[in-house]
Amino acid sequence: MKKVRKAVFPVAGLGTRFLPATKSIPKEMLTIVDKPVIQYVVDEAREAGIEHFIFVTGRNKGVIEDHFDLQFELYDTLAQRGKDDQLAHLQRLQPGPGQTSFTRQQVPLGLGHAVWCARDLVGDEPFALLLPDMIMQADKSCLKAMVDLYAETGNNIIAVQECDPAETHKYGIVGKGEDVHTGFEITGMVEKPKAGTAPSNLYINGRYILQPEIFKVLEGQERGAGNEIQLTDAMLKLEKQQPFFGYHYRGRTFDCGSPEGFIEANVAFALWRADMHESMSATIEALLDDIQPLERREVG
């Protein structure tokens with residue numbers, strides 16, 4: 001069984017739900033408290049033992065590459081000013097030489113196409129896939145727990161968590177089979193099932209460990225929903241050849257691709273910090289008491 005050493009991050013999206021903020025700033029570089037969204041996802045991968053970080057980018061995403069590069073002037077300034085704690089913190093977040101790779105998706109053909117674009121960088125080995133819009137808050141990295149399950153089972157691992165049964169039509173849903181170690185066998189997958197037809201209320205939350213055979217499937221995959229190459233369609237084909245296992249993640253997940261999820265993540269991560277919890281709790285309570293929704297009425 002080959003070790004999961006590489007992780008793919010599809011970061012080519014335009015972030016239209018955050019315009020005008022994302023007109024010149026990639027949505028992945030918007031900050032949750034004091035770190036960009038993409039940094040949280042990379043930190044999760046690093047905690048899981050990932051050694052090579054592969055970013056599938058698009059135009060105007062160069063700042064992501066710069067973020068993970070050395071900043072000599074900044075480091076030198078911090079050192080000269082004696083800000084050793086800040087310097088050490090930045091150095092801990094810094095990937096080593098050769099640990100990051102970037103490739104262009106070029107055309108917006110969906111998640112499946114973005115994954116396929118990383119095929120030569122991944123090569124013939126299993127890899128993790130982390131959707132950068134989804135950031136996790138838990139004592140143990142979601143991906144770390146998945147890697148542990150992979151070590152016991154091999155094959156493909158998908159992280160899932162519970163949703164309201166009335167909202168299964170919004171997500172990719174898996175069928176739950178027998179428990180295996182810290183996970184379970186996946187008996188099927190369906191994308192946005194019609195009301196009342198979902199095999200469970202366990203939805204795919206944006207973390208995967210996939211075998212390299214997925215690239216061959218994606219290479220011949222026809223366009224699906226939204227006229228895009230859908231990863232779920234490819235996984236359904238691969239499921240006929242290889243087992244899939246599910247990891248039931250029970251931490252918090254924030255969809256930072258939506259303004260509501262982004263704000264929720266900022267509040268949650270601020271409250272999680274010992275140096276901010278007390279002040280932020282008081283501030284939030286005061287704002288709830290003082291601020292009412294702004295009503296806008298047309299004039300004339």
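Is Glu44 buried or exposed? At 7% relative accessibility, Glu44 counts as buried. The views below come from a predicted model.

**View 1. Arg207 and Glu44 meet in a salt bridge.** The N to O distance between the two side chains is 3.0 Å. Arg207 belongs to strand β11 (residues 202–210) and Glu44 to helix α1 (residues 37–47), so the pair links distant parts of the chain, 163 residues apart. Arg207 has a relative accessible area of 0% and is buried, and Glu44, at 7%, is buried as well. Both fall in this class because buried means under 20% relative accessible area.

**View 2. Lys35 forms a salt bridge with Asp43.** Their closest N and O atoms are 2.8 Å apart. Lys35 counts as buried, at 18% relative accessibility. Asp43 is also buried, with a relative accessible area of 16%.

**View 3. Arg5 forms a salt bridge with Glu125.** The closest N and O atoms of this pair are 3.2 Å apart. Arg5 sits in the segment before β1 (6–10), and Glu125 in the loop between α6 (119–122) and β6 (127–130). The two residues are 120 apart in the chain. Arg5 is partly exposed, at 28% relative accessibility, whereas Glu125 is buried, at 14%. Salt bridges that share partners join Arg5 and Glu125 with Lys3, Lys6 and Glu51 into one network. The structure holds 16 salt bridges.

**View 4. The largest nonpolar core has 44 residues.** In soluble globular proteins, nonpolar side chains tend to be buried together. Within this core, the residues with the most contacts are Phe9, Ile32, Phe55, Ile135 and Leu143. Helix α7 (residues 142–153) gives the most to the core, with seven residues. Leaving aside neighbours within four places in sequence, Phe9 is in contact with Ile38, Val41, Val42, Ala45, Phe53, Ile54, Phe55, Val56 and Leu130. Another core, of 32 residues, lies apart from the largest one, and Leu131, Met134, Ile158 and Leu231 are among its members.

**View 5. The second largest pocket holds about 300 Å³ of space.** This pocket is lined by 16 residues, of which Pro36, Gln39, His67, Leu90 and Leu93 are the closest to its centre. Two or more lining residues come from each of β3 (35–36), α2 (62–67), α3 (72–80) and α4 (84–93). Helix α4 gives the most, with three residues. By class, the lining has seven nonpolar, five polar and four charged residues.

Notes
Residues numbered from 1 in each chain as written. Predicted model: local features only at pLDDT ≥ 70, side-chain atom pairs only at ≥ 80, totals over all residues. Heavy atoms only, no water. 1 Å grid on protein atoms, 1.4 Å probe; cavity = no way out; pocket = protein on both sides within 12 Å on 5 of 7 lines; lining within 4 Å. Points joined across faces, edges and corners; volume = space filled by probe spheres on them. Helix = DSSP H or I, 4+ residues; strand = E, 2+ residues; numbered from the N terminus. Nonpolar A, V, L, I, M, F, W, Y, C, P; charged D, E, K, R; others polar. Core = buried A, V, L, I, M, F, W, Y, C linked by side-chain atoms within 4.5 Å. Buried < 20%, exposed > 50% of the residue type's maximum accessible area, 1.4 Å probe, protein only. Contact = heavy atoms within 4.5 Å. Salt bridge = Lys/Arg side-chain N within 4 Å of Asp/Glu carboxyl O.
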